[in-house]
Amino acid sequence: MSEQKDILVTGCCGGMGSAICKKLIEQNYRVFGIDKSITTENSENFFQYECDVTSTESVKNVFNKIKEKTTSLFAIVHTSGIYDLDSLIEIDENRFNKIFQVNLFGVYRVNKEFFPLLKNKSRIVITTSELAPLDPLPFTGLYGITKTALEKYAFSLRMELQLLGIKVVVIRPGAVKTSLLNASTTALDKFIENTKNYSCNAIRFKKIVDSVEAKNILPEKIAQKVLTSISSKNPKFIYNINRNPLLRLLNILPAKLQVAIIGLILKEKS
């Protein structure tokens with residue numbers, strides 16, 4: 001019988017995170033989950049810890065607790081993330097900074113602190129977004145920028161860690177039926193209510209967002225992709241799932257034409 005492998009999952013209480021933890025436990029992995037607040041109880045193969053990934057001290061504290069239970073991790077799976085939406089000339093600086101602290105720097109902090117537990121053939125799996133490889137759209141640009149930066153980070157990390165026998169994998173999903181969809185709707189409604197410069201444009205943009213997010217998938221689909229990336233001997237660098245064809249088609253066009261099309265759709269008619 002093969003030795004049980006240990007895996008760290010960030011955002012373990014979120015929609016994707018909890019589905020991934022469940023899938024991994026079913027496959028006889030032992031899971032260590034971290035999240036800003038814990039909503040479920042521990043079990044035989046599932047240990048959870050409160051952790052603020054925007055705090056180096058918090059991440060260090062959790063590392064010290066987990067290393068008391070294990071000497072090695074087969075994988076780190078990142079699902080922690082937040083969504084925000086606003087115009088880049090109106091958003092508060094603290095909100096601008098926070099989304100980078102969670103979506104980008106949080107991944108960096110966890111990887112850096114838990115690296116000593118990774119061994120040859122270990123994996124780091126990072127969840128980005130279908131927006132990551134695309135040119136940013138208006139108002140969702142902030143979220144897209146963090147995910148694009150995260151993919152650049154992931155590729156650079158892949159380049160470096162291959163020299164140590166550690167694989168880096170990116171899961172790039174489209175709309176997933178989790179609380180993040182509700183956060184998207186809430187953020188967009190709040191933007192429409194508060195914007196001083198784009199009220200009419202924002203209302204039109206909401207129709208586009210609603211149509212994109214209507215074609216969502218269950219988080220269990222993401223969990224299966226994560227399992228594939230972990231169990232495969234030679235996983236791909238990027239696993240795409242449920243990417244929106246219209247967004248991809250728009251991105252094929254020259255940047256100048258993309259800007260013109262979005263302008264025609266969203267600009268207020270004179």
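The model is predicted, so local features need pLDDT of at least 70 and side-chain atom pairs count only at pLDDT 80 or more, while totals for chains, interfaces and linings use all residues. Residues are numbered from 1 along each chain as its sequence is written, and side-chain values use heavy atoms, with hydrogens and water left out.

Let's start with the cysteines. A search of the whole structure turns up zero disulfides, a disulfide being a pair of cysteine sulfur atoms within 2.5 Å. Cys-13 is partly exposed, with a relative accessible area of 22%. For Cys-51, the closest cysteine sulfur is also in Cys-12, but 9.9 Å away, so that's too far for a bond. Cys-51 is buried, at 5% relative accessible area. (Buried means under 20%, exposed over 50%, and partly exposed in between, using a 1.4 Å probe and protein chains only.)

Now for the helices. Two packed helices are described by the angle between their axes and the distance between the axes. Helix α1 (residues 15-26) packs against helix α7 (residues 219-231) at about 50°, with the axes 8 Å apart. That angle makes α1 oblique to α7; oblique is what remains once angles under 35 degrees (roughly parallel), over 145 (roughly antiparallel) and 65 to 115 (roughly perpendicular) are taken out. Who touches whom? Contact means heavy atoms within 4.5 Å, and the residues involved include Met-16 and Leu-24 of α1 and Ile-222 and Leu-227 of α7.

Conventions. Axes are lines fitted to C-alpha atoms, for helices over the stretch in contact, and angles run from 0 to 180 degrees between N-to-C directions. Helices (H or I, at least four residues) and strands (E, at least two) are DSSP runs, numbered from the N terminus.
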